[in-house]
Amino acid sequence: MQNSQICNKKQYRIDRVAAGMQGTHHYKLKAKKVRYRTWFERANDLDCLTLIWSVQALQSGHEKSARKFITYPKEAVTERMIGEFAIYKWELETIVTSLLTIPKDRPRLGKYRYTNLTQFSSLSSLVNYLRDIENNEYAKTGRADDIWEELYRIGQRQFSWQRGYNSEQLYRYAYVYGQGECGTFFEQQNEISISTFLWLSLALFALTMEKPWIPAPDVTSLKIRQTDMEKTLALHSIELSDARRKAKELNDEAVKKLRAPLRMAYMPSLLRQRPIIKNAGLVMTYCAPLPPLVMNRATAGLYYDIKQGPNKLLTEANARFEEYIRKLVEAYHPRLQALQGQRYGPSKATEVDPPDCLVKDGEEITMAIECKATKLTFEGQFAENPTIAAKHGFEQLAKGIFQLWRFFSHGRRGIYRAHTVAPSAHGIVLTMDSWMQMAAKLREGALERAKELAAADPQITGDDMRMVVFVSVQELNDTFAQTETDDFMTVLGHAASEKYRGYGLPEVTRDCGVPLVRKGFPLDVGEILPWWGQIEDPDDRPFL
């Protein structure tokens, strides 16, 4: 009894100490939130955008440009994503959103400190507050079994920044959205072709890397009408007051869609829609605080332009996406044939479509690709339960798995007869966006749903229901660019194995031991973008 009382007293003291520590932690976090908010309340917006631009320039190989606007320790000059002084681009994107959504404080009489916006240390201190807040918000809402979903959300926030932009993306988005009725609709709506818009966007990207604020560039020397640059800027830019209003609207809409408070790390970014802030002073000037987002708007952002039109435009775009994949396969791997299969079946009434791209090596189909151009929505990226929040999209992925299994079954049973399907043929679910990065549990959920769909056909066996490979078109291109044909097929075999379940295809490629090569993008960009050949100096194609 006495020992029990001693234990109870010890536990009481431990609980009191823990409660005190928790209370201290809560107090410190609350203080950091106040400091984070105060930093923005007392910051001049235009000077803050200059600081953000300067820090990203400093850590993107443009120190010479950055030194004109801020002071910094020499250790802050880095392009690496590790180290005490590294500030990530996705953190800067969150900071821009905070700048636009936190109201300004009214200066008071007496001592009043404005935020210092000329020193690297000022922003690095803010980033430390941000990281503490983000970590705490996850600790309050996350669970031990939620780690994979959190890795998925982290991946959605970070991976596009880590991969950057390249000529393949220019070609892809121009091919998918810039031709046919899609291209005509864009030009009718904006009075500029997608080709010219991309060219001038590339020029803006280069110019906004050089200095934080620029006037409207004069493009007459390129034999382009100045009005086309004005129209390009109109699609990219937004005035500061409108940016504040729109950023708040995006946050409010996100709360409604997620049905939960927004976490700091996953606030929607206005810069994805309008990457340039314009300032109507004596002379109109423009700032892209994070210049790479200019290229994001000019490529992936075209989807939202086309979506404003009739549904047939997205149907056309989806068909062009499938065409593009067939071209890409054959360009990287001339030995292979990438075929568009025809409907098949025992009778007209029971005909079905084969997968979108059938890859033939010699006499056999060795790879079947089901293309899903479904757009990954904000809630599909950052909801606590993405499969519910973006149910339609994940249902499409599950349907893609089922369609591959059905095709393998039909090939085995002789229902599909146009070509011989190899018993070991690989199945790929290919997406335009990165749906399955770091998403092990989401993949498992899609496979379980596909099994439910397959249950309606008892002739689909376990051998037919083989592991499929989830891959985005960017990941597919990156893997093609590093492997020869036989080695690529080896990579697919590893990617479908239990060992690499949940891995991305480029990660499997680097880890599984195949020899790596370096290939340039094999399609002619000038075929889709005629101005490409006029850029003779590679330095005029920044990061492309």
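# Structural report on a predicted chain

E191 lies in the loop that joins α8 (180–190) to α9 (194–208); helices are DSSP runs of H or I with at least four residues, strands are runs of E with at least two, and both are numbered from the N terminus. The model is predicted, so local features need pLDDT of at least 70 and side-chain atom pairs count only at pLDDT 80 or more, whereas totals for chains, interfaces and linings use all residues. Residue numbers start from 1 along each chain as its sequence is written, and side-chain values use heavy atoms, with hydrogens and water left out.

Although E191 is not a glycine, its phi is positive, at about 60°. R259, also a residue other than glycine, has a positive phi near 55°. Most residues other than glycine have a negative phi. R259 is placed in the loop between α11 (240–258) and β3 (276–280).

**Overall architecture**

The chain contains 22 helices and 9 strands. Its radius of gyration is 26 Å, close to the 24 Å that the globule rule gives for 544 residues, so the chain is as compact as a globular protein of that length; the radius is taken over C-alpha atoms, and the rule is 2.2 Å times the number of residues to the power 0.38. The C-alpha trace spans about 90 × 85 × 45 Å along its principal axes.

Of the 544 residues in the chain, 51% are buried, where buried means under 20% relative accessible area, exposed over 50%, and partly exposed in between (1.4 Å probe, protein chains only). Among contacts with a separation of 6 or more, 76% join residues 24 or more positions apart; a contact means heavy atoms within 4.5 Å. The chain exposes about 26,600 Å², and carbon and sulfur atoms supply 51% of that area (Shrake-Rupley method, 1.4 Å probe). The mean positions of the 73 positive and 67 negative charges are 8 Å apart; Lys and Arg count as positive and Asp and Glu as negative, without His and the chain ends, and the charges are placed at NZ of Lys, CZ of Arg, CG of Asp or CD of Glu.

**Cysteines**

A search of the whole structure finds 0 disulfides, a disulfide being a pair of cysteine sulfur atoms within 2.5 Å. C287 is in no disulfide, and the nearest cysteine sulfur, that of C48, is 10.0 Å away. C357 is likewise in no disulfide; for C357 the nearest cysteine sulfur belongs to C371, at 6.4 Å.

**Accessibility and surroundings of selected residues**

| Residue | Relative accessible area | Class |
|---|---|---|
| C287 | 0% | buried |
| C357 | 0% | buried |
| T285 | 19% | buried |
| T118 | 45% | partly exposed |
| G61 | 52% | exposed |
| E191 | 54% | exposed |
| R259 | 80% | exposed |

T285 belongs to strand β4 (residues 284–287). Not counting residues up to four places away in sequence, T285 touches W213, I214, I277, K278 and N279.

T118 is located in the loop between α4 (89–101) and α5 (120–141). Its contacts, leaving aside neighbours within four places in sequence, are with F69, I70 and T71. From C-alpha to C-alpha, T118 is 14 Å from Q56, and the two are 62 residues apart in sequence.

G61 occupies the loop between α2 (45–58) and α3 (63–66). The C-alpha atoms of G61 and I535 are 22 Å apart in space, with 474 residues of separation in sequence.
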